[in-house]
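Welcome, and thanks for opening the viewer. Let us walk through this model together, one selection at a time.

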Amino acid sequence: MLVFRLLRHSVLMLLDARLAVARMSLPYLLVISASQFAGLAGQGRALQPGNSAMTLPMVLIAALLFLALAVSWHRHVLLGDAPRLVAPRRGWQMLSYQGTAVLIALAFIPPVMITSALIGISFAQLSQMGDTLWLPFMLVILFYVLANAIVMRLCVALPGAALRSVRPIRTAWRATRGHAGSFLLLAALAMVAQAAMPLLPAAVISRTGSVTAALATGVVVSWAAALLALSLLTTMWGYFVEGRDLR
């Protein structure tokens, strides 16, 4: 099945390039770890204003590092660029990447808001009537999967933006035509993964009683998920747009 071939290729690509992955993603991992632990320290000393605010600059730095990581990873895999966050014209590449992400969000936010409002109204009306809520609940699940599938298909354009490809959104949309089922399955798997991600830190804290260990586990899990998402987008651009083979 195509979805599992895409996921397999993405994981193998990360494993094969593990040294490059470590080199590019370590600064991001360190900053998000520092941000999380600074936030934990701030909560522990709530009487001293400013402790929790320490995380804000770290969050902004982490966002920039993730943007640089995404661009660097896409270009390293697809063009063979050196695995480094700082390179000539990296700023322009990051702006192109961020601009494409903003365009995707702007195009998708209005219909999501409208549909969410309609579903919320349906919930309210049915609850007042005393009817069962299973139908609107199922509609929410279906809408979530459908919305995620569309977003994933649009986000295939992001590696193209990192490569400074012309009209990457249109290119990605056309290249992925006819694969709606694959994106729906990917969206369903992503929904399950998102629901399961908090379970591991919860299991750690229930076993050890250590908030620090649970927080560290959560950071590593979110970091690994981010790397897999970037690798999957890279794989999909390579497969759908550039016609590359999958392992």
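Does Phe66 count as buried, partly exposed or exposed? Select Phe66: at 27% relative accessibility, this residue counts as partly exposed, a class that lies between buried (under 20% relative accessible area) and exposed (over 50%), with a 1.4 Å probe and protein chains only.

Before moving on, note that this is a predicted model, where local features need pLDDT of at least 70, side-chain atom pairs count only at pLDDT 80 or more, and totals for chains, interfaces and linings use all residues. Residues are numbered from 1 along each chain as its sequence is written, and side-chain values use heavy atoms, with hydrogens and water left out.

**Stop 1: aromatic pairs**

The whole structure holds three aromatic pairs (ring centres of Phe, Tyr or Trp, the last by its six-membered ring, within 6.5 Å; planes under 30 degrees apart are stacked, over 60 edge-to-face, the rest tilted). Tyr28 sits in helix α2 (residues 18–44) and Phe66 in helix α3, so the pair ties together parts 38 residues apart in sequence. Helices here are DSSP runs (H or I, at least four residues), numbered from the N terminus. Tyr28 is buried, at 14% relative accessible area.

Next, pick Tyr239 and Phe240, an edge-to-face pair with 5.1 Å centre to centre and 75° between the planes. Tyr239 is partly exposed at 25%, whereas Phe240 is buried at 10%.

**Stop 2: the largest pocket**

Now show Met152, Gln194, Ala225, Ala229 and Leu230, which lie nearest the centre of the largest pocket among its 28 lining residues. A pocket is an open set of points on a 1 Å grid over the protein atoms alone where a 1.4 Å probe fits, with protein on both sides within 12 Å along at least five of seven lines; lining residues have an atom within 4 Å of a point. Colour α10 (211–241), which gives the most to this lining, with nine residues.

**Stop 3: helix α1**

Finally, select residues 2–16, helix α1: its 15 residues should span 21 Å at 1.5 Å a residue, and the end C-alpha atoms are 21 Å apart, which agrees. The expected span is 1.5 Å times one less than the number of residues. Its buried residues include Leu2, Leu6 and Met13. Viewed down the axis, the buried residues of α1 fall within an arc of 135° and so line one face of the helix; the arc is taken from directions from the helix axis to the C-beta atoms.

Notes: Helix = DSSP H or I, 4+ residues; strand = E, 2+ residues; numbered from the N terminus.
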